[in-house]
Amino acid sequence: MRSVCVSASVVVNMAAPIDLELKKAFSELQVKMIDTQQKVKLADLQIDQLTRVQKHAKLTHAEVAVLADNTRLYEGVGRMFILQSKEDINNQLMDKQKTAEEKIKELEQKKVYLERSVKEAEDNIREMLLSRRSH
């Protein structure tokens, strides 16, 4: 009867380090997953904001395009307005659209990478849980 108790305590002692190791790895993966999900949400917010900037520049460009060439156009700079040529205003609006589009593409690529990272973290957590159940 005494040998049974000893062998049972050996099994418990061997399982404890594995459980601690599993808990540590699980918590690290969980922290990584939460951090990555927050970064994805931030990228989504930035994409939405850039899309609004791009749409605003596009609409403004369309409105400026129908104006006569001799129309006086002013650019708002801080609390003042500066007289600009129609061509300068159009160039600025086109640059703004182009820059927003490039940043959106970069953020989309970053988002895809982050989503892949979240999926890998989820898969790792699943594998750890399955391996624990099988032992």
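Contact, as the word is used on this tour, means heavy atoms within 4.5 Å. The structure is a predicted model, in which local features need pLDDT of at least 70 and side-chain atom pairs count only at pLDDT 80 or more, while totals for chains, interfaces and linings use all residues. Residues are numbered from 1 along each chain as its sequence is written, and side-chain values use heavy atoms, with hydrogens and water left out.

**The whole chain**

Begin with the chain in cartoon view. Two helices and two strands are present, and along the sequence they follow the pattern α-β-β-α. Helices (H or I, at least four residues) and strands (E, at least two) are DSSP runs, numbered from the N terminus. Of the 135 residues in the chain, 20% are buried; here buried means under 20% relative accessible area, exposed over 50%, and partly exposed in between (1.4 Å probe, protein chains only). Among contacts between residues at least 6 apart in sequence, 71% join residues at least 24 apart. The accessible surface comes to about 10800 Å², and 58% of it belongs to carbon and sulfur atoms. Such areas come from the Shrake-Rupley method with a 1.4 Å probe, and for residues only the protein chains shown count as cover.

**First stop: Gln97**

Select Gln97, which lies in helix α2. Is this residue buried or exposed? Gln97 counts as buried because its relative accessibility is 13%. Leaving aside neighbours within four places in sequence, Gln97 is in contact with Gln54, Ala57, Lys58 and His61.

Move along helix α2 to Ala100. Its relative accessibility is 3%, so Ala100 counts as buried. Not counting residues up to four places away in sequence, Ala100 touches Leu50 and Gln54. Display also the C-alpha atoms of Ala100 and Val53: these residues are 47 apart in sequence and 7.1 Å apart in space.

Select Leu22, Leu29, Met33, Val118, Ala121, Ile125 and Met128, the seven residues of the largest nonpolar core. A nonpolar core is a set of buried Ala, Val, Leu, Ile, Met, Phe, Trp, Tyr and Cys residues joined through side-chain atoms within 4.5 Å. Which elements give two or more residues to this core? They are α1 (2-65) and α2 (86-134), and α2 gives the most, with four residues. A second, separate core of six residues includes Ala43, Leu50, Ala100 and Leu107. In soluble globular proteins, nonpolar side chains tend to be buried together.

Now centre the view on Met33. Apart from neighbours within four places in sequence, Met33 is in contact with Val118, Ala121, Glu122 and Ile125.

Select residues 73-77 (strand β1) and 80-84 (strand β2), which run antiparallel and are joined by five bridges. Two strands pair if DSSP finds at least two bridges between them. Leu73 has Gln84 as its bridge partner in β2. The two strands form a hairpin with two residues between them, and Gly78 in the turn has a positive phi of about 65°.

Tyr74 is found in strand β1 and counts as partly exposed, at 45% relative accessibility. Together, Tyr74, Phe81 and Leu83 make a nonpolar surface patch of about 360 Å². Patches are made of residues with over 30% relative accessible area and no salt bridge, like charges being joined within 9 Å and nonpolar side chains (Val, Leu, Ile, Met, Phe, Trp, Tyr) within 5 Å.

The structure holds six salt bridges, each being a side-chain nitrogen of Lys or Arg within 4 Å of a carboxyl oxygen of Asp or Glu. Select Asp69 and Lys86, whose side chains meet in a salt bridge (3.3 Å, N to O). Asp69 lies in the loop between α1 and β1 and Lys86 in helix α2, so the pair ties together parts that are 17 residues apart in sequence. Asp69 counts as exposed at 69% relative accessibility, whereas Lys86 counts as buried at 13%. Leaving aside neighbours within four places in sequence, Lys86 has contacts that include Val64, Leu67 and Leu73.

Next, select Lys39 and Asp35, which meet in a salt bridge (3.5 Å, N to O). Being four residues apart in helix α1, they are separated by about one helical turn.

Finish at Lys119 and Asp123 in helix α2, likewise four residues apart. Their closest N and O atoms are 3.5 Å apart, and Lys119, Asp123 and Arg126 are linked in a network of salt bridges.
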